[in-house]
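The sequence and structure come first.

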Amino acid sequence: SIKKSYWYSIADQAVKFCQSKKDPQTLMLGLGSATIPNLIASMNPKIHQTIVEIDENIIHACKDYFGLEKLPNYTLIQANAYKLLDQKDAFKHKFDAIIVDIFIGKPPYICLESLEHSFTQKLLPHLKKEGMIIFNKPGNSAEAKSDTNSFANYLKTLFQEVKVLEINDPRGYKNDELTAAKKK
């Protein structure tokens, strides 16, 4: 069931967090197969989604086969998220929720740079004070779990509320979803 997937869990967290926000804005770093943006749009089409994806082939596939262009209320930016975040004027506004879902096609599958403290520091100026960041990362080994716990401890120095959800996707994937809300 899609409702047991990490995609659904991430979309659900973002939508629930944004439900009481006026003119809710999310930033999605990494497009994948557009599953999370499609889920967010189906749960709450009023949420404006800004999506950043580096890979032109992924963007074309999502437009051609995964309904990207049918999404209501979104902006797509083809760019390297790491470089884009360095630009203070990269976005017109700050975001209620930022979703970090940057994966690559080979082990360890997650782009390790997205879990570095310096990357998190780049996110902070683009997040509203009462905002939330959601990180998706593999959680299928003892080393991955250790990395998750270490990263969660770092997030606790920056945010008032930090949670780790273990998602046992029915397709056999194990992911850790870290949510960090309310900047200190």
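My notes on the sheet and the helices follow.

Entry 1, the model. I am working from a predicted model.

Entry 2, the sheet. I looked up the strand order and found an open sheet of seven strands, β3-β2-β1-β4-β5-β7-β6, in which the pairing is mixed. I noted β3 (74-78) and β6 (159-168) as the edge strands, each of which pairs on one side only.

I checked how β1 (residues 25-29) and β4 (residues 95-100) are joined: they run parallel, with four bridges. For L27 I find I98 as the bridge partner in β4.

I traced α2 across β1, β2 (48-53) and β4, and its direction is at about 175° to β2. I then traced helix α3 (residues 56-65), which lies across β2 and β3 and runs at about 150° to β3.

At what angle do α1 and α2 pack? I read about 45° for α1 (residues 6-18) and α2 (residues 35-43), and their axes are 9 Å apart. I therefore put α1 down as oblique to α2. I recorded the crossing of the two helices as right-handed.

From α1 I listed W7, Y8, I10, A11, D12, A14 and V15, which meet T35, I36, L39, I40 and M43 of α2. Sorting this contact by class, I have ten nonpolar residues, one polar and one charged.

Technical notes
Residues are numbered from 1 along each chain as its sequence is written. This is a predicted model: local features need pLDDT of at least 70, side-chain atom pairs count only at pLDDT 80 or more; totals for chains, interfaces and linings use all residues. Side-chain values use heavy atoms; hydrogens and water are left out. Axes are lines fitted to C-alpha atoms, for helices over the stretch in contact, and angles run from 0 to 180 degrees between N-to-C directions. Angles under 35 degrees count as roughly parallel, over 145 as roughly antiparallel, 65 to 115 as roughly perpendicular and the rest as oblique. A crossing is left-handed if the near helix is turned anticlockwise from the far one by less than a right angle, and right-handed if clockwise. Contact means heavy atoms within 4.5 Å. Ala, Val, Leu, Ile, Met, Phe, Trp, Tyr, Cys and Pro count as nonpolar, Asp, Glu, Lys and Arg as charged, and the others, Gly among them, as polar. Two strands pair if DSSP finds at least two bridges between them.
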